[in-house]
Amino acid sequence: MAIETVPGALSPVIAIALVGGLGVGSQWLAWRLRMPAIVLMLVAGIVIGPVLGIFDPARDIGPLMGPVIAIAVAIILFEGGLTLNFHQLRDAAVGVRRLVFVGAPLGWVLSMLTLHYGAGLSWSSSWVFGGILIVTGPTVIAPLLRTARLSRRPSQLLQWEAIVNDPIGAMAAVLAFEVVLVLNTVETVGGALWELGAGIGFALVIGLAAGYGLAAAFRRGWVPEYMKVSILFALLLGIFGISDAVLHESGLLAVTVMGIVIANANLPSYEELRRFKEHATILLVSGVFILLAANLDFAALELLTWRSLFFVVGIVLVARPVTVFASLWGSGIPWREQVLIAFTGPRGVVLVAVAGLFAERLLALGFEDAALIGPLAFVLVAVTVVLHGFTLKPFAQFLGLTGAGNPGVVIIGGSTWTTALAEALTKAEVPVLMTDPNFGHLRAARAAGIATFSGDILSEGAEQRLELVSYATLLAATDNDAYNTLVATDLAPEFGRESVFQVSRAKTDSLRHALPATLGGRTFAHGATFDEMNRLVAEGWTFRVTRLTEEFTLQHWIDKRPASHLVARILPNGEFKMLSDPADMRGVPGTRIIALRPPEAAEDGTPAPQPPANP
């Protein structure tokens with residue numbers, strides 16, 4: 001398809017490159033500034049779009065915009081389905097069922113009433129748009145949860161609700177539109193119901209068949225390892241396109257079902273597939289939000305009146321909370337978690353995309369007020385993205401539903417020296433969790449009041465029981481070098497490779513025993529092995545905490561205790577960092593340093609009356 005160029009327009013290649021660069025750049029800048037990435041992407045899109053006019057999606061990529069957004073949303077929902085493992089639900093299962101089976105229809109009714117009495121839309125437009133408002137936006141929830149670091153159950157409830165209710169909302173809009181179509185055209189009720197039922201049934205069948213078929217092919221070795229992701233993508237796009245051709249928006253349901261089936265198929269390659277999809281989703285979420293914001297038409301917003309404010313307030317502060325509280329009543333979920341979920345309902349790209357599609361169809365049927373659906377959808381998305389982007393984390397902290405204020409350390413392996421290290425970290429107010437498959441190895445840690453988990457950190461039991469969101473650093477320190485390497489390699493994507501450490505492997509000069517840099521974690525304590533650490537502690541070395549001051553600097557400490565090994569530092573703001581190399585250490589007044597000190601340096605760390613003459 002040829003795309004006509006307009007003077008001053010960007011070429012499609014440059015436009016897509018600009019969207020990608022701004023999207024990923026916004027996410028990186030948000031990470032550096034510790035801001036909600038969604039907000040920065042929204043601002044970036046508005047600036048290059050309607051404000052400066054550098055990028056106009058309709059002008060620069062023309063007919064590509066619709067298919068690009070549709071495919072991106074399909075992949076995002078499929079990746080979301082890949083995260084929905086039934087074994088991980090545990091005590092959140094009841095809440096998820098209620099939010100889907102009670103919350104979706106109740107939210108539809110309340111949204112319809114809010115649209116009619118608040119925004120002033122007709123009953124027909126409110127009926128269709130209300131169905132779309134069931135969605136809570138997986139494109140927004142995922143980045144927000146990554147930033148807020150919520151406790152497991154509220155995080156699962158928000159994530160499952162967003163991903164499962166997204167295709168349900170699209171299907172609700174289809175159902176509502178079919179009803180309006182029957183009431184305003186010559187189409188019969190039977191014909192409309194047949195079309196709707198056949199489309200939904202086909203989407204469910206094709207999604208299930210694709211999921212089970214692909215899982216069987218992977219499990220039986222019918223697909224080589226290097227082609228698994230490629231075949232997954234090709235099948236995903238094919239399923240989405242075929243289902244959507246049978247019934248508009250049913251493709252979202254098909255790919256979500258396909259993702260859930262694969263997530264629960266217990267495939268050996270599942271983690272690799274999911275992580276690759278996560279990387280692709282970050283790019284796609286960035287792109288669709290930039291496109292959404294850049295495509296904003298200020299002229300369309302002029303159609304809105306003061307009643308739009310009642311609509312936004314009604315959805316955020318009335319319809320959403322009532323829906324959640326009614327759904328979770330008597331579920332056993334603590335009231336704090338219910339409050340957090342009730343006042344967390346961000347909307348995203350799916351809402352705007354589907355709303356725009358049905359607005360055009362309603363306008364074609366003669367409902368002039370449907371012109372307000374697009375602007376109302378964008379305003380709701382913008383308000384909820386900014387509102388929840390800035391308030392979710394502090395609100396969750398206020399309710400006590402996030403990880404520890406100072407993310408702590410997970411120590412794998414119970415031994416004399418790891419227990420001594422854990423005690424020193426605990427005294428420095430750094431949260432510590434010690435795990436070991438051997439219950440007896442944790443006896444000393446339990447006696448010292450340290451949190452413990454008896455079991456394999458890589459087991460499903462650990463994934464279901466441990467709130468790893470409270471920990472940002474991992475140290476693999478068992479007496480088994482191979483196990484340490486396995487743990488560090490497997491959990492590096494979750495913690496971040498810069499935050500995963502392990503004791504060094506037993507020294508060897510043989511290249512046959514050397515491991516590539518892609519395996520294992522960073523070295524700990526200047527490259528000491530497990531046996532060396534055990535020997536030092538047995539000889540009387542101790543872990544001690546020292547606070548630096550303007551009079552007693554890091555250099556003074558190094559000069560006074562040259563034999564000691566720096567292990568970690570805690571900045572005045574509470575930020576904890578384990579050290580792989582002494583050169584990583586930067587000491588400012590107020591910093592606390594944790595070091596392994598020999599017996600002759602085991603004093604209390606009080607600074608000398610006078611600093612050394614030659615520091």
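Helix H2 (37-51) and helix H8 (138-148) each supply at least two residues of the lining of the second largest cavity. Keep in mind that this is a predicted model. Let's start with that cavity.

**Exercise 1. Work out how big the second largest cavity is, what lines it, and which helix gives the most.**

Step 1: get the volume. The second largest cavity comes to about 30 Å³.

Step 2: list the lining. Pro36, Ala37, Ile38, Pro143, Leu144 and Thr147 make it up.

Step 3: find the main contributor. That's H8, with three residues.

Step 4: sort by class. Five of the lining residues are nonpolar, one is polar and none is charged.

**Exercise 2. Say how many cavities of 30 Å³ or more the structure holds, then describe the largest cavity.**

Step 1: search the whole structure. Two cavities of 30 Å³ or more turn up.

Step 2: take the largest cavity, which has a volume of about 120 Å³. It has 14 lining residues, with Gly107, Leu133, Ile134, Thr323 and Arg347 closest to its centre.

Step 3: The lining of the largest cavity splits into five nonpolar, six polar and three charged residues.

**Exercise 3. Describe the second largest pocket and name the helix with the largest share of its lining.**

Step 1: its space amounts to about 940 Å³.

Step 2: count the lining. There are 31 residues, and those nearest the centre of the pocket are Asn295, Val352, Ala353, Gly356 and Leu357.

Step 3: assign the lining to elements. Two or more residues come from each of helix H4 (65-82), helix H11 (228-246), helix H14 (298-301), helix H17 (349-364) and helix H18 (373-398). H17 takes the largest share, with ten residues.

Step 4: classify. The pocket lining has 22 nonpolar, five polar and four charged residues.

**Exercise 4. Decide how H5 and H6 are oriented to each other, and find where they meet.**

Step 1: take the geometry. Helix H5 (residues 93-101) packs against helix H6 (residues 103-119) at about 40°, and their axes are 3 Å apart.

Step 2: compare with the cut-offs. Under 35 degrees would count as roughly parallel, and 65 to 115 as roughly perpendicular. H5 and H6 are therefore oblique to each other.

Step 3: look at the contact. From H5 come Arg98, Leu99, Val100 and Phe101, and they meet Gly103, Ala104 and Pro105 of H6. By class, that contact has five nonpolar residues, one polar and one charged.

How values were computed. Residues are numbered from 1 along each chain as its sequence is written. This is a predicted model: local features need pLDDT of at least 70, side-chain atom pairs count only at pLDDT 80 or more; totals for chains, interfaces and linings use all residues. Side-chain values use heavy atoms; hydrogens and water are left out. On a 1 Å grid over the protein atoms alone, a cavity is a set of points where a 1.4 Å probe fits but cannot get out, and a pocket is an open set with protein on both sides within 12 Å along at least five of seven lines; lining residues have an atom within 4 Å of a point. Grid points are joined across faces, edges and corners, and a volume is the space filled by probe spheres set on the points. Helices (H or I, at least four residues) and strands (E, at least two) are DSSP runs, numbered from the N terminus. Ala, Val, Leu, Ile, Met, Phe, Trp, Tyr, Cys and Pro count as nonpolar, Asp, Glu, Lys and Arg as charged, and the others, Gly among them, as polar. Axes are lines fitted to C-alpha atoms, for helices over the stretch in contact, and angles run from 0 to 180 degrees between N-to-C directions. Angles under 35 degrees count as roughly parallel, over 145 as roughly antiparallel, 65 to 115 as roughly perpendicular and the rest as oblique. Contact means heavy atoms within 4.5 Å.
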